[in-house]
Amino acid sequence: MSTIIAPAPDPDREPTAAELDAIVAEESLIAAEVELLDVRIALLERVPTEMDARRLRRAENKVLAERLVLANRLATSGEVA
């Protein structure tokens with residue numbers, strides 16, 4: 001059995017233009033995922049109310065919508081996710 005060893009990341013390396021473009025393309029999805037995480041963290045501290053359940057569903061739907069937009073954008077441009 002062989003072992004694959006990945007090189008250590010260079011801490012002084014700057015992201016490439018392509019990497020920065022990928023981050024910008026996913027920015028709305030990242031923001032939606034952060035919002036969902038915030039909702040989930042808030043619900044750890046208390047018993048969810050009906051309003052909390054709505055907020056959670058809304059955040060989950062927003063993440064799904066952003067994933068769909070990104071997937072459609074990648075599919076039309078011919079890129080691979």
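Author: Let me begin with a term: a nonpolar core is a set of buried Ala, Val, Leu, Ile, Met, Phe, Trp, Tyr and Cys residues joined through side-chain atoms within 4.5 Å. The model discussed here is predicted, and by that definition its largest nonpolar core has nine residues, namely Leu29, Ala32, Leu36, Val39, Leu43, Ala59, Val63, Leu70 and Leu74. Two or more residues of this core come from each of helix 2 (27–44) and helix 3 (50–77), and helix 2 gives the most, with five residues.

Reader: Which residues does Val39 touch, leaving aside those up to four places away in sequence?

Author: With those neighbours not counted, Val39 touches Arg55, Leu56 and Ala59.

Reader: What makes Lys62 and Glu35 a salt bridge?

Author: The closest N and O atoms of Lys62 and Glu35 are 3.1 Å apart, and the definition asks for a side-chain nitrogen of Lys or Arg within 4 Å of a carboxyl oxygen of Asp or Glu, so the pair qualifies.

Reader: Why is Lys62 called partly exposed?

Author: Its relative accessibility is 38%, and since buried means under 20% and exposed over 50%, with partly exposed in between, Lys62 belongs to the middle class. Glu35, at 33%, is placed in that class by the same cut-offs.

Reader: How do you know that Arg40 and Glu60 form a salt bridge?

Author: The N to O distance between their side chains is 3.9 Å, which is within the 4 Å cut-off, so the pair is counted. Arg40 is in helix 2 and Glu60 in helix 3, 20 residues apart, and the pair links distant parts of the chain. Arg40, with a relative accessible area of 45%, is partly exposed, and Glu60, at 29%, is partly exposed as well.

Reader: Is Asp52 buried or exposed, and why?

Author: Asp52 has a relative accessibility of 9%, and because buried means under 20%, Asp52 counts as buried. The side chain of Asp52 meets that of Arg46 in a salt bridge of 2.9 Å, N to O, while Arg46 is partly exposed at 41%.

Reader: How many salt bridges does a search of the whole structure find?

Author: The search finds seven, and Glu50, Arg54 and Arg57 are linked in a network of such bridges.

Reader: What makes Leu20, Ile23, Ile30 and Val34 a nonpolar patch?

Author: Residues of a patch need over 30% relative accessible area and no salt bridge, with nonpolar side chains joined within 5 Å. Ile23, which is in helix 1, has a relative accessible area of 48% and is partly exposed, so Ile23 passes the 30% cut-off. The four residues together have about 330 Å² of accessible area, and helix 1 (17–25) and helix 2 each supply at least two residues of the patch.

Reader: What confidence does the predictor give the protein chain?

Author: The chain averages a pLDDT of 89, and 93% of the residues score at least 70. Confidence is lowest in helix 1, at a mean of 90, and highest in helix 2, at 96. Where pLDDT is low, the predicted coordinates should not be read in detail.

Key. Residues are numbered from 1 along each chain as its sequence is written. This is a predicted model: local features need pLDDT of at least 70, side-chain atom pairs count only at pLDDT 80 or more; totals for chains, interfaces and linings use all residues. Side-chain values use heavy atoms; hydrogens and water are left out. Buried means under 20% relative accessible area, exposed over 50%, partly exposed in between (1.4 Å probe, protein chains only). Helices (H or I, at least four residues) and strands (E, at least two) are DSSP runs, numbered from the N terminus. Contact means heavy atoms within 4.5 Å. Patches are made of residues with over 30% relative accessible area and no salt bridge: like charges are joined within 9 Å, nonpolar side chains (Val, Leu, Ile, Met, Phe, Trp, Tyr) within 5 Å. Accessible areas come from the Shrake-Rupley method with a 1.4 Å probe; for residues, only the protein chains shown count as cover. pLDDT is the predictor's confidence in each residue, from 0 to 100.
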